[in-house]
Amino acid sequence: MNYALLLGDVKECSKDKLKELIFELSQRDYQSIKEMDIFDDVKKELIIMSQNRAFFEMLLVNALK
């Protein structure tokens with residue numbers, strides 16, 4: 001993965017566009033987790049971890065943009 005190229009792309013994106021992207025990816029993760037054939041308590045834990053990650057990403061965008 002070319003992190004230098006990704007960093008350049010992120011610098012050019014607006015704060016709102018980055019937040020929109022984070023939200024869309026979070027929703028995709030949520031749907032994928034929901035469709036997994038695993039115990040409900042494990043799904044719940046994975047969803048919570050995914051939501052926490054998305055929240056942290058939003059905080060980073062707010063702090064850095």
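Trainee: Which exposed residues sit on the face of helix 2 turned away from its buried side?

Mentor: D16, R28 and E35 are the exposed residues carried by that face of helix 2. Keep in mind that this is a predicted model.

Trainee: And which residues of helix 2 are buried?

Mentor: L18, I22, S26 and I33 are buried there. They lie on the same side of helix 2, because they cover an arc of only 75 degrees around the axis.

Trainee: What do the buried residues of helix 2 pack against?

Mentor: They pack against helix 1 (3-12) and helix 3.

Trainee: How does the length of helix 2 compare with what it should span?

Mentor: Helix 2 covers residues 15-35, which is 21 residues. At 1.5 Å a residue, helix 2 should span 30 Å. Its end C-alpha atoms are 31 Å apart, so the two values agree.

Trainee: Now the charges. How many salt bridges does a search of the whole structure find?

Mentor: First the general idea. Side chains of opposite charge can pair when their charged atoms come close. Now this case: the search finds 3 salt bridges.

Trainee: Where is K17 in this, and what is its partner?

Mentor: K17 meets E20 in a salt bridge, at 3.7 Å from N to O. The two are 3 residues apart in helix 2, so about one helical turn separates them. K17 counts as partly exposed, because its relative accessibility is 45%. E20 has 39%, so E20 is partly exposed too.

Trainee: Which residues are linked in a network of salt bridges?

Mentor: D29, R53 and E57. Take R53 and D29: their closest N and O atoms are 3.0 Å apart. This pair links distant parts of the chain, with R53 in helix 3 and D29 in helix 2, 24 residues apart. R53 also forms a salt bridge with E57, again with the closest N and O atoms 3.0 Å apart. R53 and E57 are 4 residues apart in helix 3, so about one helical turn lies between them.

Trainee: What about K43: buried or exposed?

Mentor: K43 is buried, yet has no salt bridge. The nearest side chain of opposite charge is D40, 4.2 Å away. A salt bridge needs the atoms within 4 Å. K43 lies in helix 3, residues 40-64.

Trainee: Which residues does K43 touch, not counting those up to four places away in sequence?

Mentor: I33, K34, M36 and I38. I33 is also one of the buried residues of helix 2.

Note on methods: Residues are numbered from 1 along each chain as its sequence is written. This is a predicted model: local features need pLDDT of at least 70, side-chain atom pairs count only at pLDDT 80 or more; totals for chains, interfaces and linings use all residues. Side-chain values use heavy atoms; hydrogens and water are left out. Buried means under 20% relative accessible area, exposed over 50%, partly exposed in between (1.4 Å probe, protein chains only). Lys and Arg count as positive and Asp and Glu as negative; His and the chain ends are not counted. Contact means heavy atoms within 4.5 Å. The expected span of a helix is 1.5 Å times one less than its number of residues. The arc is that of the directions from the helix axis to the C-beta atoms.
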